[in-house]
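Here is a friendly briefing to read alongside your structure. It goes through ring contacts and then helices.

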Amino acid sequence: MSRQLTVFCFVLTCSAWPGGRLHSAEPVSAIVAAQDGAFAERLAAREIRRYFYLTTGKLLPIADKEVPGAMILVGAKQRSFFKDAGALDPSLARDIESLQPEQYLLKTISHHGRRALLVAGGDPAGALYGAYRLAEQLGVRFYLHGDVVPDGKIAPTLPVLDLVGKPLFAARGIQPFHDFPEGPDWWNLDDYKAYLGQLPKMGMNFFGLHTYPEGGVGPEPLTWIGLPEEILDGGKVKASYPARHFTIDNITGAWGYRHARSSLFSFGAAQLFDRDDYGADYMRGASPWNTMTPERSNKLFDDVGIFLNEAFTYARRLHIKTCLGTETPLTIPKEVRARLKAAGKDPADPAVVQKVYEGIFARIAKTHPLDYYWLWTDESWTWAAVKQEQIDAVQADFRAALKAMDEVKPPFALATCGWVLGPPQSPALFDECLPKNVPLSCINRQVGNTPVEPGFAAVLGRPKWAIPWMEDDPGMTMPQLWAGRMRRDAFDALAYGCNGLLGIHWRTEVLAPNVSALAKAAWDQSGWSKRSKAELQAIEPSDNVSGGQAASFPNNKIADARDEKVYQSVRYDVDAYRLKIPNGTYAVTLKFCEPYYSEKGKRIFGAKLQGKKVIDKLDIFEKAGQDRAFDFTFKDVKVDAELLKIEFLKQVEFPSIAAIVVEGTTAGSNQFPGGPFVRKINCGGPAYLDYEADFAPQNAPDPGRYMPVDDFYADWAKASFGANRAGEIAKIFTRLDGFLPRPADWVTGPGSIRPDRKAWKDVAKQYGFVEELAALRPEIEGAGNLQRFDYWLNQFRYLREIAKVRCTWGEYETAIKKIRAEKDADARKLLARETVLPIRLRLVEAFAEMHRDLLATVSTPGEFGNVANWRMQTLPVVLEKPGEELAKMLGEALPAEAMPSSRFTGIPRLIVPTVRTGILAGETLAIRAIVLGSEPSEAAVFWRPLGAGEFKRAVMQRLPRGGYAATLPAAELTDDFEYYLEAKNGSAALKFPATAPEKNQSVLVVEE
C-alpha cells in the first residue's frame, strides 16, 4: 500500500467506528517506551496514554519492554523495539531508518503474532510529533489556547494507520507581539508555559518576540540594553532604565488608550480584574512606570530575565527554538545615552554601538537560553519611501551587531526581521551584505493584507522565514477568520523557497481556525493547494474591485488631459480590479495622476495584468509631477474566461489609479466573427461621458488572497461541535472565512470604532449569519460541544452588536450636531431632552448588550485585553465626553439609566484563563479562576491521579472581585492527574471544564 505525507491510508480488514476512522478489534494492552529515553520521548508516551484515556476511558500502562497483547511502541528510531520490528520486515526497517529529524512514522504492523502500532520518530522531537498525530486520529484537536477532546468515547482498540509525516518548513511557529493588552504583555509564566506546551502539539517549533527599545510604548523590559561592564553575575544588571509592559495603570497615552481603574469598569467587567494595575506579575508595583527608581528598574529587568530563563528553558525541553530582538538601527534608551555621554562615549559612534550590542548579547548569554537575536527594520519602511541614508544606517548597524557577535561569541545566532524584508526598492538587498548563516525574515506588509513578500524568491542559500499575520491589529477587538489566507500565505512561502513559516498574533482562542490552518499548512499542502484553476477562479467574481477608497479633487487643474474630470478622481489603496470582458485581445490603458503628493518618494507601486507584472516602482510624481495625466497602454492583452484582472503592488504607501480603458476586438465564436469592444471605468468617480462610474465600495478583501477551506472547516466543525449539524456549521464558517464584516478598525488605536450614519435596519442585513448559526444550537449535543458552539455564537453576536453601537452612535452624532447649532439655550435644552437623551439611552443599552456578548466569550488573557481596550480607548470617546456635553446642555446630571452600569447581565460563568496541560516533576500547579456574574457560597478544586481513585477536594481562596485561587502542592503531584473546579450557589453549580466530572482537565507530570 502506498503512503502519502500526512495522508492516512488504512488496512482494509479493520472495523469502523462512528467517527469514520478504522480500528483493529484487538484492545490495546500497553504503551512501550524506553525508561531512559529523552524528555520528548518520555513525554510522547505519556501524551499517548493521556489522550487514549480521554477518548476511550481506558488508562494504559507504560512499559519499558514488550508485553502480551496489542501495543503502541513509541520513541526515536534507534530504540531496540523498532530494530526488532524492522528485522522481520526489511521494507519497514528502511522506512524507519530513513526518518530524518522531526519526521515520524505511524504504522500498524503484525508483530510476533499480535498487533503493534509504531510511533517512530527520526529523533525525540519526531516521536513527540507522531504522538500528537496519533491523538488526532483519536479525534483530539490542538490549538494555541488548549485542546479539544471529543465529548463521546470510542472503543479502546488499536488504530490501524500507515502514514509518514515530514515538515515542509524547518521553522514553524508563532510570533506573539507585545504592545497591546491583548498580547503577551499580559502573559505570566504559566501562560508562556501553557502556550509553549501547545506548540509541539500543532507540530510547531519556534517562538519569537519583538522589543520596542523606546517610543510610544517603549522601552519594553524584554531586552535589556547597556554596556558589558553594567552586567553582574548571573545576568543581573547594575544599571538600566524605566521600562514597561502594558498594565491598566501605566498608560503612556499611545494609540488612544486613556487611564482608567479596572475597579470602575462597566457592565460587570470589573469582576475580571483582581487589581487596578492589572498586567503581568513582574509589573506589579511598577506604576507609574516612567518614574521608577534605578533600583526598581534594575529589579524589573532582573525579574524578566529570571522569567525568560524559566520559560525558554521549558521551550528547549520541547525542542522549540526561541528568538527575541530589537529594531535596527539600534535605539539606545535615553538613560543609557546619558550614561554613555557622561563616560565620554558618543552613542552615534559605530564602535560604541558595537559595545552596546556586546552588552546585550553578553547579558542574554548569562541570563537565559536563546537561539536567535533578530534585528527588525523600522515600521515606517512599509508605509513610506526609504532613503539611501536610512539603508546605510541599517547596514552599519548590521556590521556593528556582527562584530559584537564575533567578540562575544554568544550561544545564539543573528537574524533579521521587520515590516519589510528589505528596502521596498530592493527587497532582497540584505542577502548581499549579510553572512549566509543569518536568516532573513519579515511579516507581511499592510498588516497582512499584502501577500507574502515575493522578494523571498530572490534570496538564495540561506534560511528565510515568512511571517503571515494571523490577525491584524486594526481589527483587534473582533473575530477574524482567515484560514484560507493562512493557506495562501503558506503556499506562497513554500513557492518562494522559504524554510520558515511563523504567524504574528496577539490573541489566542479567537484565532483557533487561523492558527490551526497555518500549523497544518507547515506540514501538508496536498489536496487544497492543487485545486483546479476553474475552482480557484470561482472565488474571483468579475466586475469587482478589491480594496481602495475614492478621493476627489474637483478644483485641481490637470495638465496634458483630454478629459480633465477623469483625472480629478482616483481610487487609492486599491488591491485589484476584475472586469467582465469578452474573450479577445485588447489594448489596456491605465490612467494615472498624482493629485495629492508634491514630492517624489511618497507613493511608489507596481501593477500586474493577467498575472504578469507590467509596472514596477512607479512614482507618478517623479515621472510626471503633480496634477498631470500620465498613462500606460499595454497592447495585445489576451482575455480568456471573460475576466481581465488588474492587480496593484504596494511598495511605498498606497497605489492610486484615475481610470481604466479597455479597447480591442472580441474573439470569434463558432460562426460569429469577433467585433470591436470598448469599456471605460472612472476610478473613484461617477459616470462621465462614456466612462462608467466606479464600483461601489467593497468591504470584502481580495478573494485571490484565499485558498479553498471547505475541507478545513468540515473537520474543524465536526471536532469542535460534534457530528450533528457539523456540515451546516462548516458551510457557514467557510462562507465567512475572509469575509466577516469589519465594524471596528484603527481609528484612534487597535480595534476602535467610528460612528456609522447608516440606519441599523439596513446594516443588520449583513449579519444574517448570526441567526442562521443560532438556529442550529438546539441540535448541538454534549456539554463540551455546546460550550464551544456558544463561544462562537456569542463572538458573532458581539460582532453584530459592535455594528449596532456604531449605528446608534452615528444617530446620536447627527442629532447632537443639530443641537450644537441651536443658539437659544432653552430650545437647546428641550431638544437635548426630547431628541438626544432617548438616543443616549439606546446607545448605553447597545454598549451593555455588546459587553454581555463579549463577556460570554472571555476565557483567555487576550480577551481580557479586549475588555480593557473598550473601556480605555472607546468608551471615553463614545460615552464619557459626550455624556459630559449632554449633561451641560441639560443643565443637570444624566439619569442613572443614561450612564454605563456596573451590573453584569449575562449568564454566570466559571472562567479559568490559563490552563496548563503539563508540568515538570517538583512543580506546583497554581490554578486561578474567575466567577463572573455570581456570588458562590464556595469554590473548590477536585483532583485525583489520572483515571483512578477518589477525588481530593480543596476550597479555593477568594481573591478581590471575582477571583479565586488554589495551589496544588508538588508533594502531592507525583504522577499524571486530572482535576475540575466547581463553584456552588445554592443548588446551582458552575463547573470547569464543562464536561466535568465525566471528562476533566488533565495534567502530565514529567521528570526532567
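## Charges over rings

Arg 916 lies over the face of Tyr 314, at 5.7 Å from the ring centre. A charge counts as sitting over a ring if NZ of Lys or CZ of Arg is within 6 Å of the ring centre and within 35 degrees of the ring normal. This is a predicted model, in which local features need pLDDT of at least 70 and side-chain atom pairs count only at pLDDT 80 or more, while totals for chains, interfaces and linings use all residues. Residues are numbered from 1 along each chain as its sequence is written, and side-chain values use heavy atoms, with hydrogens and water left out.

- Arg 485 has its charged end over the ring of Trp 482, 3.5 Å from the centre of that ring.

**Aromatic pairs**

- The structure holds 67 aromatic pairs (rings of Phe, Tyr and Trp, the last by its six-membered ring, with centres within 6.5 Å; planes under 30 degrees apart are stacked, over 60 edge-to-face, the rest tilted).
- Trp 186 and Tyr 278 make an edge-to-face pair, because their ring planes stand at 80 degrees, with the centres 5.0 Å apart.
- This pair links distant parts of the chain, 92 residues apart: Trp 186 is in the loop between β11 (171-176) and α5 (189-198), and Tyr 278 is in the loop between β12 (206-208) and α6 (294-317). Helices (H or I, at least four residues) and strands (E, at least two) are DSSP runs, numbered from the N terminus.
- Trp 186 is buried at 2% relative accessibility, and Tyr 278 is buried at 14% (buried means under 20% relative accessible area, exposed over 50%, partly exposed in between, with a 1.4 Å probe and protein chains only).
- Phe 632 and Phe 634 are stacked, 6.1 Å centre to centre with 5 degrees between the planes.
- Phe 632 is partly exposed at 23%, whereas Phe 634 is buried at 15%.

**Helix α9**

- Helix α9 (residues 388-408) has 21 residues and reaches 30 Å from first C-alpha to last, close to the 30 Å expected (1.5 Å times one less than the number of residues).
- Its buried residues include Ile 391, Phe 398 and Met 405.
- The buried residues of α9 pack against β13 (321-328), α8 (350-367), β14 (372-377) and β15 (413-418), where contact means heavy atoms within 4.5 Å.
- Lys 409 follows α9 and has a positive phi, near 50 degrees.

**Helix α8**

- The end C-alpha atoms of α8 are 26 Å apart, which agrees with the 26 Å that its 18 residues should span.
- α8 is mostly covered, with 13 of its 18 residues buried.
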